[in-house]
Amino acid sequence: MEKKPSFFRRPGVQTVLASIICAILGILVGFLILLAMNPSHAVEGMTAILRNFLKYDQSSTTLMYYFGSTLVKAVPLILCSEAILFAYKAGLFNIGVAGQYTVGIMASLYTSIALGWSWWLCILAAIAAGALWGFISGFFKAVFNVNEVIAGIMMNWIGLYLTNIVLGSKKVMDQSTSKTYNILSKNPDALLPSFLANVFGHNQYMTIALPVTVIVAIILLVVLNKTTFGYELRATGHNKEAARYAGMNATRNVILTLVISGGIAGFAASMFYLTGIEQYTLASSVPGMGFNGIAVAFLGGLHPIGAIVAGLFIEYLTMGGQYLDTNYFNPQVADLMVAIIIYLCGFVLFFKHLMNKGKAKALTNVNAETEENTTTDEKDKEV
Amino acid sequence: MILLIQYTLIFAAVLILVALGGMFSERSGIINLGLEGIMVFGAMAGAMVMVLLPSHASKATIIILTLVAAAVAGMLSSLFIAVACINFKADQTLIGTALNMLATASATVIVKAFNTSRSDGTDFSAKLDYVTGHKAFLIHIGELEVSWFIIVAALLLICSTVFFYKTKFALRLRACGEHPQAADSVGINVYAMRYAGVLLSGFLGGLGGIIYIAAANSTWHFDYGVAGAGFLALAVMIFGQWKPERIAWSAVLFAVFRSLSNVNGGIDFLANLHIPGTIYNMFPYIVSLIVLALTSKNSRAPKAEGIPYDKGAR
């Protein structure tokens, strides 16, 4: 009975394998789409996407510069997916991350440009804004039994319109270009301190956001697996009623989970916009970052460290679209490939089932239990 | 005032159709977060038909072909959800989100490729113009400009309500969303019923998509998708408690607030208040959150929604 499971039968390894299968299949389907669009240039197009910034291999400075840019843009994506997977572990599908991220943009840009605060205060403001948005969703869920997905969607739109009003004002937005002012020119104090910029070809957008993202992931990993709070969260996620029966405070846990999740989403916004790499323009729909975060969270196997790898991969592919020759293809093909990969993530359970096929009869009880634990995450969820 | 009524009718028609689609899907036990994506596919197919039809085509041809194309595209795209969630027991929220991403990305790619090849490489935009098509749908009743779309939506609402309450088929479908094991034990094919639910949502969602882009506009930029209308419809559905008649009036309520944001300048009383238009945009969401808070204590979603049906499960 104590037999150790073989390497390929470990749940963790299988999750990784399943994600890799998704990625490879997605790229293959993407190639088929390129073939359908323009057969004679499909190979060239696929190479351009996959080779990405590596095409600057003559000059290591340029290469590192573009590598840096990919990293910087992956940061908010990774943090948003951390926010989502954290709530997901507690059985909450926080689709409101998109809105929490948006109000995070609002808070960080307003405090930095209009109020002239320094960077760490701006970060705190963004966290507070995201957390407040998460709190409202959580409050409606815990007290009034409003489905968190719907509350989240509502709060997304309220957040978007509020952000448009606040950031559209003359103090923050340059009315002639309809973009928010560049932080560098208005208030350089609000820019995040730079980090290893020299290594990355003097990329001025390389900031402490990168190491901080890794730290956040590690903290989440520890909180989820090594603390009582994390245990309660996961217990609530597995079986709400059982958790309540065991004396865990469900109301408090629901609200707290969404507050933390929202805080991380707000933090994600500040970690991106306070680098000054992008300016906010008035949007007619909620920024996709939060939704893409859902995708990354699942591709990363709902694991804080997996999310980092998945986020980097997705951002790499998305950026790859820009290296396509626009005479033959348009850059959105890369987005399409990403979407296909996410869609395939839904089949992870099926892939795992395939991997276990044939050996199922030989399963010992020990194995059956461990497998149960990993798959309940996906199964025992209600919205 | 006339303008307000026009916009309200259009938004209400869209929301009713899409929310009814969501209702059928959820009643059969499948959460359909991909309504937004289904709408995009329906809208794209319908718009393509309007663009491609020769300008001398009769109004009836344009109307029928556009609607059919939108509905078929909606149903085909809903198969993405059906196959993954019913046969492969995939996570329904994830698949819905994926379909939304897939829809916007592929609509952009397809429309751009279409424009590029049509213009010999001078037009790279993701925009479609369908002025003739848009006009074909208009009919005038006095001062009021009504679109055929709205009549179609009204008819479908009546059909859906009768279907939902009066037919054996719908009763079986609803059973699959409440207790699939029990339904199976009396010989109902749960998988088939869930397929029916999802395909119905594709049908209605696709039609909702074409109405959304074509009833009030004659061009559309496909890189924006349908700007959250699918999610709004989901809210209408929950607000309407998964019941067709309640969905209808909650859709009208949402539509009134939504159109206020478009026309508030035209109404003297509201113009005098000097509230920026964006505030009105927030209204439907704020109101629905509050109403949901007051009604959700007793709200009950279909019991088995979101749980893949496994014949072997205890």
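Modeller: Helices are DSSP runs of H or I with at least four residues, strands are runs of E with at least two, and both are numbered from the N terminus. The model is predicted: local features need pLDDT of at least 70 and side-chain atom pairs count only at pLDDT 80 or more, while totals for chains, interfaces and linings use all residues. Residues are numbered from 1 along each chain as its sequence is written, and chains are lettered from A and ligands numbered from 1 in the order in which they are written.

Colleague: Why is Asn145(A) called partly exposed?

Modeller: A residue is buried if 20 or more other C-beta atoms, placed from the backbone, lie within 10 Å of its own, exposed if 12 or fewer do, and partly exposed in between. Asn145(A) has 15 such neighbours, so it counts as partly exposed. Asn145(A) also has a positive phi of about 65°, although it is not a glycine.

Colleague: Which terms describe Gln241(B) and Phe169(B) on that scale, and what makes them apply?

Modeller: Gln241(B) has 17 C-beta neighbours inside 10 Å and therefore counts as partly exposed. Phe169(B), which belongs to helix H7 of chain B, has 12 other C-beta atoms within 10 Å and is therefore exposed. The C-alpha atoms of Phe169(B) and Ser106(B), 63 residues apart along the chain, are separated by 34 Å.

Colleague: What makes chain B as compact as a globular protein of its length?

Modeller: Chain B has 13 helices and four strands. Its radius of gyration, taken over C-alpha atoms, is 20 Å, and the globule rule (2.2 Å times the number of residues to the power 0.38) gives 20 Å for 314 residues, so the description applies. Its C-alpha atoms fill a box of roughly 60 × 50 × 30 Å along the principal axes, and buried residues make up 56% of the 314 residues. Two residues are in contact if their C-beta atoms, placed from the backbone, lie within 7 Å. Of the contacts in chain B with a separation of 6 or more, 79% are between residues 24 or more positions apart.

Colleague: What are the corresponding values for chain A?

Modeller: Chain A has 16 helices and two strands. Buried residues make up 51% of its 383 residues, and residues 24 or more positions apart account for 76% of its contacts with a separation of 6 or more.

Colleague: Why are H1(A) and H14(A) called oblique to each other?

Modeller: Two packed helices are described by the angle between their axes and the distance between the axes. The axes are lines fitted to C-alpha atoms over the stretch in contact, and angles run from 0 to 180 degrees between N-to-C directions. Angles under 35 degrees count as roughly parallel, over 145 as roughly antiparallel, 65 to 115 as roughly perpendicular and the rest as oblique. H1(A), residues 11–37, and H14(A) come within 8 Å and cross at roughly 140°; the two are therefore oblique. Residues meeting there include Leu25(A) and Ile33(A) of H1(A), and Leu336(A) and Ile340(A) of H14(A).

Colleague: What makes H7(B) roughly perpendicular to H9(B)?

Modeller: The axes of H7(B), residues 168–178, and H9(B), residues 190–214, come within 9 Å and cross at roughly 105°. That angle falls in the range given above, so H7(B) is roughly perpendicular to H9(B). Arg172(B), Leu173(B) and Cys176(B) of H7(B) make the contact with residues of H9(B) including Met193(B) and Arg194(B).

Colleague: How many residues does each chain bring to the contact between the chains?

Modeller: Chain A gives 41 residues and chain B gives 43. On the side of chain A, helices H5, H6, H12, H14 and H15 each supply at least two residues.
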